[in-house]
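Please look over the fold before reading on. The paragraphs below are meant to be read with the model open beside them.

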Amino acid sequence: MNLGREHARALDAADPLRSWRARFIAPRSDAGEELVYLCGHSLGLQPRLAESCIREILDDWGTLGVEGHFAGRQPWVAYHERLAPPLARLVGAQDDEVVAMNTLTVNLHLLLVSFYRPAGERTALVVEKYAFPSDRHAAWSQVRFHGLDPDRDLIEIAPREGEDWLRTEDVVDLLERDGSRIATVLLPGIQYVTGERLDLPAIARSARRAGCTIGFDLAHAIGNVELSLHDADADFAVWCSYKYLNGGPGAIGGAFVHDRHARRDDLPRFAGWWGHDKASRFRMGPEFHALAGAEGWQLSNPPVLAMAPLVASLEHFAAVGLAALRRKSIALTGYLETLIERRLPGRVRIITPADAAARGAALSLRLEVSHDRACAVFEGLRRRGVVADWREPATIRVAPVPFYNGFDDAWRFADALAAELA
Ligand SMILES: Cc1ncc(COP(=O)(O)O)c(C=O)c1O
């Protein structure tokens with residue numbers, strides 16, 4: 001491969017998605033130059049369309065007041081319903097299996113209330129040892145909520161000694177060996193530190209065979225890789241929308257509940273009026289009748305202002321299609337990987353799987369230098385106009401996002417890293 005910048009620019013010129021970059025607002029340096037923004041795995045960029053979607057709600061609120069609930073251009077009472085079809089496409093679900101609501105950790109708790117139901121010998125909840133802390137806190141507190149002891153009933157599964165990735169076969173072995181004492185398995189779609197993409201269908205199959213419920217945290221997977229939650233037979237999934245979905249800081253999260261649970265009245269759930277049957281909701285009766293499907297897990301009326309940027313972003317996803325984004329993503333991440341390997345041999349270890357099917361857009365780079373030197377390199381990158389993120393002890397995570405990053409961004413990043421490590 002040609003390592004020169006002209007080649008990166010030629011790849012950008014030939015990119016069928018190159019015009020989409022202009023629909024996002026890219027942060028700039030004090031001198032007005034566009035930064036190399038490789039942090040879409042943390043906070044996706046702002047779609048320009050977001051402002052008019054928010055403005056529409058503000059205007060309706062101003063002109064209609066409370067009547068905006070029913071008479072707004074997009075009536076607020078049903079605003080969240082527009083989000084379900086495009087979200088369902090992204091996670092491989094039916095429209096009624098998906099709902100935009102709350103935030104990730106809140107949704108995780110709500111769904112664990114329904115799907116983690118320890119009974120008899122089957123009491124354990126499985127999480128990955130290096131899970132995002134909020135997932136672990138949620139799981140730990142749910143075990144305690146049932147009066148159980150996390151030392152016994154929170155099972156942590158980890159990569160093998162000396163390895164970076166969780167092996168599917170190890171998850172399957174655990175479920176075959178200890179399945180009869182496991183109530184629920186909670187795993188990520190993509191691991192947040194290493195960028196490893198897990199084989200969700202294989203894990204879900206094995207969990208179901210063992211009689212356990214299975215849920216996934218899709219924070220780093222949704223909008224990044226193709227998913228098939230319905231066909232995989234997952235029981236539930238949750239996600240946030242501020243990463244690859246570009247929904248804005250603290251954006252509304254989402255949840256999936258498999259159709260086979262859509263009408264189950266036997267499941268315990270924490271209820272609120274927005275999960276109640278729409279036809280009788282405003283009769284304000286005391287009894288709760290859950291809506292069929294994922295909507296039945298809603299609690300409150302939707303925060304429409306917080307949903308507006310996501311409406312904008314999902315319009316873009318619908319227009320481009322995840323398949324085209326993923327095609328570019330595989331090429332772009334592969335290009336970045338080659339640049340790093342060829343320009344920085346021995347100084348950076350990529351801890352993300354090399355197989356494109358086993359990762360998404362992001363690469364995690366372990367700097368093979370002292371901790372202090374690694375910190376200095378990271379700070380140096382920022383001075384050179386690169387926005388990436390840092391995980392202790394010496395890992396830099398970068399995500400070239402196919403919507404708004406190009407091959408020249410990858411080249412500029414690799415060049416800045418080479419200069420810092422020189
Ligand atoms: C993998 C993962 N899980 C959970 C969370 C927590 O999300 P929230 O703060 O929206 O609950 C995050 C946040 O970045 C995350 O990356």
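Predicted model: local features only at pLDDT ≥ 70, side-chain atom pairs only at ≥ 80, totals over all residues.

Residues are numbered from 1 along each chain as its sequence is written, and side-chain values use heavy atoms, with hydrogens and water left out.

Start with the seven-stranded sheet. Seven strands form an open sheet of mixed pairing, in the order β4-β10-β9-β8-β7-β5-β6. Helices (H or I, at least four residues) and strands (E, at least two) are DSSP runs, numbered from the N terminus, and two strands pair if DSSP finds at least two bridges between them. The edges are held by β4 (98-100) and β6 (154-157); each has a single partner strand, so one side of each is left without a neighbour in the sheet. From one strand to the next, the twist averages 20°. Axes here are lines fitted to C-alpha atoms, for helices over the stretch in contact, and angles run from 0 to 180 degrees between N-to-C directions. Within this sheet, β9 (residues 236-239) pairs with β10 (residues 254-257) in the antiparallel sense over four bridges.

Helix α4 (residues 84-91) lies across β4 and β9 and runs at about 125° to β4; contact means heavy atoms within 4.5 Å. Helix α9 (residues 200-209) lies across β7 (182-188) and β8 (213-217), at about 155° to β8.

Helix α9 also has a helical neighbour. Two packed helices are described by the angle between their axes and the distance between the axes. The axes of α8 (residues 168-178) and α9 come within 9 Å and cross at roughly 5°. Helices α8 and α9 are therefore roughly parallel to each other; angles under 35 degrees count as roughly parallel, over 145 as roughly antiparallel, 65 to 115 as roughly perpendicular and the rest as oblique. On the α8 side the contact involves Thr-168, Val-171, Val-172, Leu-175 and Glu-176, which meet Ala-202, Ile-203, Ser-206, Ala-207 and Arg-209 in α9.

Which residues surround the ligand? They are Leu-104, Thr-105, Phe-132, Asp-135, Asp-217, Ala-219, His-220, Tyr-242 and Lys-243, where a residue counts as near if one of its heavy atoms lies within 4 Å. A polar side-chain atom of Thr-105 is 2.5 Å from an oxygen atom of the ligand, and a polar side-chain atom of Tyr-242 lies 2.7 Å from an oxygen atom of the ligand. For Asp-217, an N or O atom in the side chain is 2.7 Å from a nitrogen atom of the ligand. Taken alone, the ligand exposes 400 Å², of which the protein buries 82%; accessible areas come from the Shrake-Rupley method with a 1.4 Å probe.

Now turn to the four-stranded sheet. An open sheet of four strands has antiparallel pairing and the order β11-β12-β15-β14. Its edge strands are β11 (348-350) and β14 (389-391), each with a single partner strand, so one side of each is left without a neighbour in the sheet. β11 and β12 (residues 363-367) pair in the antiparallel sense over three bridges, with Val-348 opposite Leu-367 in β12.

Helix α13 (residues 371-383) lies across β12, β14 and β15 (395-398), running at about 165° to β14. Helix α14 (residues 407-421) lies across β11, β12 and β15, at about 10° to β12. Helix α1 (residues 5-13) packs against α14 at an angle of about 155°, with the axes 7 Å apart. That makes α1 roughly antiparallel to α14.

Two backbone details remain. Most residues other than glycine have a negative phi, and most peptide bonds are trans. A cis peptide bond, with omega about 5°, joins Glu-392 and Pro-393; Pro-393 is in the loop between β14 and β15. Asp-233 is not a glycine but has a positive phi of about 70°, and Asp-233 is found in the loop between α10 (229-232) and β9.

Technical notes
Polar contact = N/O pair within 3.5 Å; in protein donor to acceptor, adjacent residues only side chain to side chain.
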